[in-house]
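I opened this model to look up its strands, ring pairs and salt bridges. My notes follow in the order of looking.

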Amino acid sequence: MNLLSIENLSKSYNDKVLFSNISFGLEKGQKVAFVAKNGTGKSTLLRIIAGKETADSGNCILRKETKVGFLDQAPVFDSEKTVIEAVLDSSGEVMNAVKEYEIALNHPEKEKELQQAFDRMDSLQAWDYEQRVHQILSVFKINNLEQKVGKLSGGQKKRIALVKLLVEEPDLLIMDEPTNHLDIEMIEWLEEYLSKENITLFMVTHDRWFLEVVCNEIMELDGGTIYRYKGNYSYFLEKKEAREENDATNKDRARQFLKKELEWIRKQPRARGTKSKSRVDAFHDLSEQTGKKKKEEKLELEIKSERLGGKILELHHINKSFGNLKVLNDFSYKFRQGEKLSIIGKNGVGKSTFLNIITGKEEPDSGKVTVGDTVQFGYYTQDGMKLKEDLRMIEVIREIGDHIPLAKGKTISASQLLEKFLFPASSHFTPVSKLSGGEKRRLYLLTILIKNPNFLILDEPTNDLDIMTLQVLEDFLEQFTGCLIVVSHDRYFMDKLTHHTFVFEGDGIVRDFNGNYSQYRAEVEEKKLAPQKALVKSPQVILKEEKAAEKAADKPVDKAKPKEKQRMGFNEKWEFSLLEKEIPELEKRKSELVEKLNSGITDTDELMKVSEQLTEVMESLDAKTNRWLELSEMTS
């Protein structure tokens, strides 16, 4: 059943064409992600479908009586409303009854109003609905229902808007970056919820793991053309690569044919020109077609950074609390050369506070932070993105410098740097106020990187960036030789870049886990299953298993059929590439620890600590090597 039809839709802002004459449809039960570069109108398209903006031309047709729910990238609420009023701010008798009941609960002194609200809930049988509201509120850690919305942060408002959307249960969910401002636990709950068969979804997201798990179709806007891929993110990557290879092959064939036609045109006597007009016209059409080379935009960063010295960053017995909330409890750590780690934990456990202590923006209650003389921090933070809206893009960069030093003694102009960062020359004099959310974040990230840091701290760097920018940023960070700390809800991004993890567990406890996010989750799941595996089998079960084994032993043995070779899927390819990076790092770490043991340590505690670290590294190395061998057999 078709819920939505888009017919020849076009939209421009001033001279900038966002999209032109695009058409597509959406069926009930489809979960479609819309993928395109920043600044091509993804958010605008969602707002048009949701009825928040109008197109310049074309039609957006919704099936009659289709209820649409829209999650905006930056939701707007009445600042005077309470949280519960904002969440339940919709028409409907049941919804109104729940809202009145929730408000009455907070004023128990008004017994008459409370009893009336209770009776109305009973008459409408709204208790299940009220329970569902509270369940979703608890998932997204929204507890103070009487707080005024105007006093909340942008991230809290986004979570309230998400709760409101899910509570309303619309026929069609339109979602713009639904995972922004959520912690990983919330995202995983949302993944499971949206994977239900009866949900129809059209969304924009940069979260590639989310795309892989939730979507059954990906729609790409590329070069003004809509391409549809009936599958998840890994299928999209595979088919997109095949399409681009096919386009390249067709262009090569066209060029070969063009070359032959060019020879014919040059030899053609003018007197016979009229007889060959159709062939000459065909030549010009083909020439025009092959001349439209697709410009491959590539982000190339060779920003110069100073080499780190022997002492980098040391934290000694750090303690930090806010009232009864303990953030860090006697935390100590020494950073090493080239360290790349991720930080995970629920919202509000102190991840950003930890980063602020490292960079000197906040003082610990006790303990000492020692920063090496050669360390130059580059700190990308959500709160720090304060670009001057009245400046043009080129002016933002020129405030830092007209010429930026690169590696190997080279320099680059502000204009050239913007182009390398995927801003075409025609956009350099665009005011910051006219940029999309993703373009602003890309510009802000550039202002951090061009200051030549050798210790990068990135707090939620992936929000609002398109997938192409993320892929290139990852390539740069993989080659970055300094230290890197990433706080992110983007599991794909963390897995690709980091090799160990700080887990903020709450109450000041920070666990140092030797592995990336996926490995940490695997260990957590293994521990959950351990009690079940440890259950003692009853004598009846043991006897049954023994009889089954005897019966199987008496059966004639069939000649084993050769197993069909298993091929790598998306997850296996990803895991294999990670292992090829992690194994050499573990080998290096093992050598460092062996060398340390052989150096003649006299301190018993230090000796025990190094020995334990070596045991952990060797166990991890063995496990990863065995897994690498398993996966390598799939590639042979």
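In what order do the 3 strands of the open sheet lie, and in which sense do they pair? I find the order β2-β1-β4, with antiparallel pairing. Before going on I note that this is a predicted model, in which local features need pLDDT of at least 70, side-chain atom pairs count only at pLDDT 80 or more, and totals for chains, interfaces and linings use all residues. Residues are numbered from 1 along each chain as its sequence is written, and side-chain values use heavy atoms, with hydrogens and water left out.

**Sheet.** I take helices (H or I, at least four residues) and strands (E, at least two) as DSSP runs numbered from the N terminus. Two strands pair if DSSP finds at least two bridges between them. The edge strands are β2 and β4 (57-62), each pairing on one side only. On average, neighbouring strands of this sheet are turned by 15 degrees against each other, direction ignored. Strand β1 (residues 2-13) pairs with β2 over 8 bridges in the antiparallel sense, and I6 has F24 in β2 as its bridge partner. I then checked helix α1 (residues 42-49), which packs on the sheet and touches β1, β2 and β4. Its direction makes about 130 degrees with that of β1; axes are lines fitted to C-alpha atoms, for helices over the stretch in contact, and angles run from 0 to 180 degrees between N-to-C directions. Contact means heavy atoms within 4.5 Å.

**Ring pairs.** I count rings of Phe, Tyr and Trp (its six-membered ring) as paired if their centres lie within 6.5 Å; planes under 30 degrees apart are stacked, over 60 edge-to-face and the rest tilted. The structure holds 21 aromatic pairs. F24 and F202 are stacked, at 5.5 Å centre to centre and 20 degrees between the planes. This pair links strand β2 (residues 16-27) to strand β7 (residues 200-204), 178 residues apart. For burial I use under 20% relative accessible area as buried, over 50% as exposed and partly exposed in between (1.4 Å probe, protein chains only). F24 is buried at 7%, and F202 is buried at 0%. The rings of Y233 and Y492 have planes at 90 degrees and centres 6.3 Å apart, so this pair is edge-to-face. Y233 lies in helix α9 (residues 233-267) and Y492 in helix α16 (residues 491-497), so the pair ties together parts 259 residues apart in sequence.

**Salt bridges.** Which residues does R491 join in this way? I require a side-chain nitrogen of Lys or Arg within 4 Å of a carboxyl oxygen of Asp or Glu, and the count by this rule is 32 salt bridges. R491 bridges to E191, with the closest N and O atoms 2.4 Å apart. R491 lies in helix α16 and E191 in helix α7 (residues 184-194), so this bridge ties together parts 300 residues apart in sequence. R491 is buried at 1% relative accessibility, as is E191 at 7%. The network that holds R491 links E188, E191, D207, R491, R521 and E525. I also looked up E169, which bridges to R132 at 3.3 Å between the closest N and O atoms. E169 is partly exposed at 47%, whereas R132 is buried at 17%.
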